[in-house]
Amino acid sequence: PPKKSLGPTLELGVDISSGELTPEVLACWAAQGIKCIIVRAANPYDREYEAKREWAIRQLQAASAGGFAAEVYCWIYFWVNIRPQVEAAVEQADAGGATQVWLDAERYLGQAVPTPMANLQTIQQAMIIVMQASLNVGIYTSKREWEAIAGNSTGFAQVDLWVAAYDGRAE
């Protein structure tokens with residue numbers, strides 16, 4: 001079953017959506033104290049899905065083999081059916097040895113999103129799919145994105161939250 005959150009923690013991790021995880025890169029990151037590598041899952045609505053899917057699995061396997069916690073993030077496209085997106089992320093997580101799926105709740109390139117109520121239902125559906133696969137689930141977002149997408153709802157306060165810090169600043 002999915003883990004229960006132990007409250008706020010700081011985990012050094014690297015989010016990758018391109019490039020290759022070579023032994024040299026992994027050794028460098030390990031030396032810097034990086035513990036977790038979070039890989040963007042290929043989305044079946046994207047062009048070149050199969051190639052991106054294979055890339056994601058390869059990166060997850062490399063991260064796991066290098067001794068890192070391997071995790072996946074699924075950038076949710078709110079304007080299309082959620083099920084294929086999340087099922088693809090779960091499949092890639094399983095194939096790559098990941099135990100965590102982060103649901104990326106952001107607007108895609110400024111794309112308009114449905115209403116906050118509809119978006120919250122979409123996020124709930126996505127969470128159910130991940131939990132049914134016995135994977136841990138969390139939400140990645142920022143204050144600005146959460147306000148636009150979820151109307152600043154606190155309905156998922158019990159779920160792990162990934163708040164990225166770019167250049168030392170939490171978004």
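Is Arg-53 buried or exposed? Arg-53 counts as buried, at 15% relative accessibility (buried is under 20% relative accessible area, exposed over 50%, partly exposed in between, with a 1.4 Å probe and protein chains only).

## Basis

This is a predicted model: local features need pLDDT of at least 70, side-chain atom pairs count only at pLDDT 80 or more, and totals for chains, interfaces and linings use all residues. Residues are numbered from 1 along each chain as its sequence is written, and side-chain values use heavy atoms, without hydrogens and water.

## Salt bridges

The structure holds 7 salt bridges (a side-chain nitrogen of Lys or Arg within 4 Å of a carboxyl oxygen of Asp or Glu). One of them joins Arg-53 and Glu-91, at 2.6 Å, N to O. Arg-53 lies in helix α2 and Glu-91 in helix α3 (residues 82-96), so the pair ties together parts that are 38 residues apart in sequence (helices are DSSP runs of H or I, at least four residues; strands are runs of E, at least two; both are numbered from the N terminus). Glu-91 is partly exposed, at 29%.

Arg-107 pairs with Glu-145 at 3.0 Å. Arg-107 sits in the loop between β4 (100-104) and α4 (116-132), Glu-145 in helix α5 (residues 143-150). Arg-107 is partly exposed at 28%; Glu-145 is buried at 7%. Shared partners join Arg-53, Glu-54 and Glu-91 into one salt-bridge network.

## Arg-40

Arg-40 lies in strand β2 (residues 36-40). Arg-40 is buried but has no salt bridge. The nearest side chain of opposite charge, Asp-46, is 4.4 Å away (Lys and Arg count as positive, Asp and Glu as negative; His and the chain ends are not counted).
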